[in-house]
Amino acid sequence: MDHSEQHRLGAAPYYAEQAGEVALFEHAFGQRLPLLIKGPTGCGKTRFVEHMAARLGRPLITVSCHDDLSAADLVGRHLIGASGTVWADGPLTRAVRSGAICYLDEVVEARKDTTVVLHPLADDRRVLPIERTGEQLAAAPGFMLVISYNPGYQNLLKSLKPSTRQRFVALTFSYPEAAVEQAILQAEAGVAAPLAARLVRLAQALRRLTDHDLEETVSTRLLVMAARLAASGVALPVACRAAIVDALTDDLDTAAALDEVVRAVL
Ligand code: ADP
């Protein structure tokens, strides 16, 4: 099944820059270099790629990788139809043919055979070998490969091989600094500056907590959700409980500790 999403974007979606990544992306695109974006979940990786695709006037094909995703899911397969067998391009092949930006989100989740097809695309050759049809598909000029992963989730079984990662220019993202994150909350949730500032202070206090068994800390995405609930009339502590505390943990003791921070900061 094809889980990809295709966007031909009009106006670029709002993106608050963190540290020169917009120019870096433009240079990588200009030089036909593939890009690897590392960073925790909800820190703006996907939004950045959507913004850049629109800015560069390229269609964007996004694939959310999962542990069942195989090379055939990316490249394509023969389908049996009423009039016989027909070849159907997968999302990566469509991007290579049409000169789109292909964004493989959480690429380390995908099955190992997928990296094999990425290698010749990610170096000077810029070709996609389609084994099943024998085609050596040269990438159209506007094609760019962008992959992301979350180093926090990484374990020994799920990491990129050096031979793969050394084909990519890498960008490391983290949560935006306070002023940028506040601007994001104001823009994304339509909240006023004082409320946005309080939520950012809360995020910073929660991010300093290291003694709890949290897999991940509060992301910009969760803050935006809390801000949106608050903007629509939900009381702030309730909004924070639902969008932040309960989203981060199932453990009652941890939730109580996080709640305490919420009460202390808000
Ligand atoms: P990731 O792909 O890193 O998991 P997303 O790009 O989906 O994260 O970001 C989650 C949400 O956070 C976005 O939908 C957006 O509302 C907000 N966001 C995070 N960072 C930014 C940013 N720099 N500019 C604008 N919005 C942002």
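Which of the 17 residues around the ligand come nearest? Select Gly44, Lys45, Thr46, Arg47 and Arg221, and you have them. Keep in mind as you click around that this is a predicted model.

Now widen the selection to the elements behind that shell. Helix H2 (45-56), helix H7 (178-189) and helix H9 (220-231) are the ones that each give two or more residues to it.

Next stop, the inside of the protein. The largest nonpolar core has 44 residues. To find the members that touch the most others, pick Ala95, Ile101, Cys102, Leu145, Val146 and Ile147.

Stay on Val146 for a moment and show what surrounds it. Setting aside neighbours within four places in sequence, Val146 is in contact with Pro34, Leu35, Ile37 and Val49, and also with Ile101, Cys102 and Tyr103. Two of those partners, Ile101 and Cys102, are also on the list of residues touching the most other core members.

Then jump to a second, separate core, this one of 25 residues. Good handles for selecting it include Ala189, Leu223, Ala230 and Cys240.

Finally, zoom out and switch to cartoon. You'll be looking at 11 helices and 10 strands, on a C-alpha trace that spans about 65 × 40 × 35 Å along its principal axes. Of the 266 residues, 38% count as buried. If you draw the contacts between residues at least 6 apart in sequence, 73% of them join residues at least 24 apart.

Technical notes. Residues are numbered from 1 along each chain as its sequence is written. This is a predicted model: local features need pLDDT of at least 70, side-chain atom pairs count only at pLDDT 80 or more; totals for chains, interfaces and linings use all residues. A nonpolar core is a set of buried Ala, Val, Leu, Ile, Met, Phe, Trp, Tyr and Cys residues joined through C-beta atoms within 7 Å. A residue is buried if 20 or more other C-beta atoms lie within 10 Å of its own, exposed if 12 or fewer, and partly exposed in between; C-beta atoms are placed from the backbone. Two residues are in contact if their C-beta atoms, placed from the backbone, lie within 7 Å. A residue is near a molecule or strand if its C-beta atom, placed from the backbone, lies within 6 Å of it. Helices (H or I, at least four residues) and strands (E, at least two) are DSSP runs, numbered from the N terminus.
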